[in-house]
Amino acid sequence: MTSETRKSIHGTWTGRWTFILAATGSAVGLGNIWKFPYMAGEYGGGAFVLVYLICILLIGVPIMIAEILIGRRGRNSPANSMAYLAKEANTFPQWKLLGMMGAVAGLLILSFYSVAAGWAFAYIFEGFNGESAEYYGKEFNSFLQNETSLILFHSLFIFVTVFIVARGVIKGLEAWLNRLMPILFLIVILLCIYATQTGAFFEGVSYLFTPDFSKIDATVILAALGQAFFTLSLGMGAIMAYGAYMPIKQNIGSTALSVAFLDTLVAILAGIAIFPIVFANGLEPSTGPGLVFVTLPWAFVNMPLGVIFGKLFFVLLSIAALSSAISLLEPGVAWIVESLKTKRYKAAIGLGSIAWILGIFSALSFNLLSDFTPIGEKNFFDSMDFLSNQVLLPLGGVFIAIFVGWVMKRNNVIEELNIKDGLLIKIWFFLLKFLSPLMVGLIFILAVFFGVVT
C-alpha cells in the first residue's frame, strides 16, 4: 500500500512550499546564526564552507531523504510510522523504538533549547546603551545568575510553542510557519544590507569566505561533518513527522535539496550580517553565546540605528528558535494523539509541561544548581545537550540510514521516491548504506568515548 492511498489523521500541508518552509524552519535554529559563521571564519573560511557543503550533500541530504520517506510512507508519528514500515518490511516490530527515541530526543532538546531561546527573547528588550563590551559581559553573566528572569522567559517560550502546536498542523504549524519564515528571511536580508553600511563589509565577508586550505585537517572535517548533520534537524523525528504531512505529488529528493540549500543560505547570510558589524567595531569574533550576547550588543551600541537593528537581530534569533521548537514538540504530540486517542491540545500541554519542568533544571544550572553535574563534570543544561545532541541524534541518524538502506524493500523505497532505478538512485543507496551511517557513527563514537564535541 503506497502513501497515496493513506492520509495522516493530523492533516496534509496545503502546498509544496509549506513543507519546505516547515523543514527549513526546523533546521534553521540558534546554531545557524551563532555557530556556523564562527566555525567558517575560524576553520578556514571558504575552505570550511566547501567541506561543509560536501558533507551536507554526501551525509546530510541522503539521511534527510530517508527520514522524509519514512514519514510520508508511514503517514503517522515517527514511532507509529516505524511500526507500520517494519511490518511492511516483515522485520522486527522493535524498530518502533527508533521513532520513540526521536520523540524523546526532541523533548529533551526543547527543554534546554527554550532556556537559550529565552535569552534571545529577553534581549529584544535590551536598550543597547551600555558603555563598554565588558559591561555586556557582566550584564550577560548577571542575567544567567537571575533564576527568576531565566525561568520567566523559558516559560513564555514554552507557552508560545505549546500554543502553536496545540492548534494543529494546518491552523497551528502551517499558519505560523507561513508567517514566521518569510519574516526571518526578510530580517536576515535587512541585516545584510545594514552590514554593507558598516565600513567593514568586505573585511567581514573576506573573513567568512577567503579559502585557507592549510587549516583543513581531521578536526575541521569532523566539525564540518557534525555541523552538516546537526543543522538539518536529523535523527530526532522532526523531519519524519513533517514528512507524514507531505503531499504525495511532491518530489522528496528535490525537496530535501531545497531545504538544505535554504538552511545553508540562512547560515551564510547570518555570517555576512554579523562579521562586518563585529569588525567595524574592532571586536574579536568569539564562539557561541559570547558572540551574540556580549560582542554584538556592544557593536550595536556604536552603530547608526543600532537600537533598531539590534532589536531586529534578536527578533531574528527568537523566530529561528521558535520555528525549531515547534518541530521538537510535534513528533511526541502526534504520537500521543495517535496512541492514546486524546485531544491534541492535551498532548501538547502534557509534553510541554514535561519540557518546561526539565527546562527549569537547565535554567537553574547556571545559578542555584551549578554544582549539580549529572554527566561527568557537565551541569544539567550541558548534560541534556550532550545526551540528546551527541548521543540520541547520531544514533537516530545511523539507524534511519540502516533501516531505509538495508531493511526496507528496495521496490517500496523507489516507489515512494517516485524515481527511476538508475544511476542517481544507486549513488543515493550507496551513500545511505555505507558512507552516511559510517560518518555519523564516527560523530557518536568520538563524542561518547573520546569527549570530542562537534
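**Exercise 1. Decide whether Asn302 is buried, partly exposed or exposed, and locate Asn302 in the chain.**

Step 1. Apply the cut-offs: buried means under 20% relative accessible area, exposed means over 50%, and partly exposed lies in between, with a 1.4 Å probe and protein chains only.
Step 2. Asn302 has 39% relative accessibility, so Asn302 counts as partly exposed.
Step 3. Asn302 sits in the loop between helix H14 (288-301) and helix H15 (306-340). Helices are DSSP runs of H or I with at least four residues, strands are runs of E with at least two, and both are numbered from the N terminus.

The model is predicted: local features need pLDDT of at least 70, side-chain atom pairs count only at pLDDT 80 or more, and totals for chains, interfaces and linings use all residues. Residues are numbered from 1 along each chain as its sequence is written, and side-chain values use heavy atoms, with hydrogens and water left out.

**Exercise 2. Classify Ile360 as buried or exposed, and list its contacts.**

Step 1. Ile360 belongs to helix H16 (residues 344-364).
Step 2. Its relative accessibility is 18%, so Ile360 counts as buried.
Step 3. Contact means heavy atoms within 4.5 Å. With neighbours within four places in sequence set aside, Ile360 is in contact with Ile151 and His154.
Step 4. Leu191 is 169 residues from Ile360 along the chain, and their C-alpha atoms are 33 Å apart.

**Exercise 3. Describe the largest nonpolar core.**

Step 1. A nonpolar core is a set of buried Ala, Val, Leu, Ile, Met, Phe, Trp, Tyr and Cys residues joined through side-chain atoms within 4.5 Å.
Step 2. The largest such core has 165 residues, and Trp119, Phe313, Val404 and Trp428 have the most contacts inside it.
Step 3. Helix H13 (residues 252-280) contributes the most to this core, namely 17 residues.
Step 4. Not counting residues up to four places away in sequence, Trp119 touches Phe140, Phe143, Leu144, Leu150, Pro289, Phe293 and Phe366.
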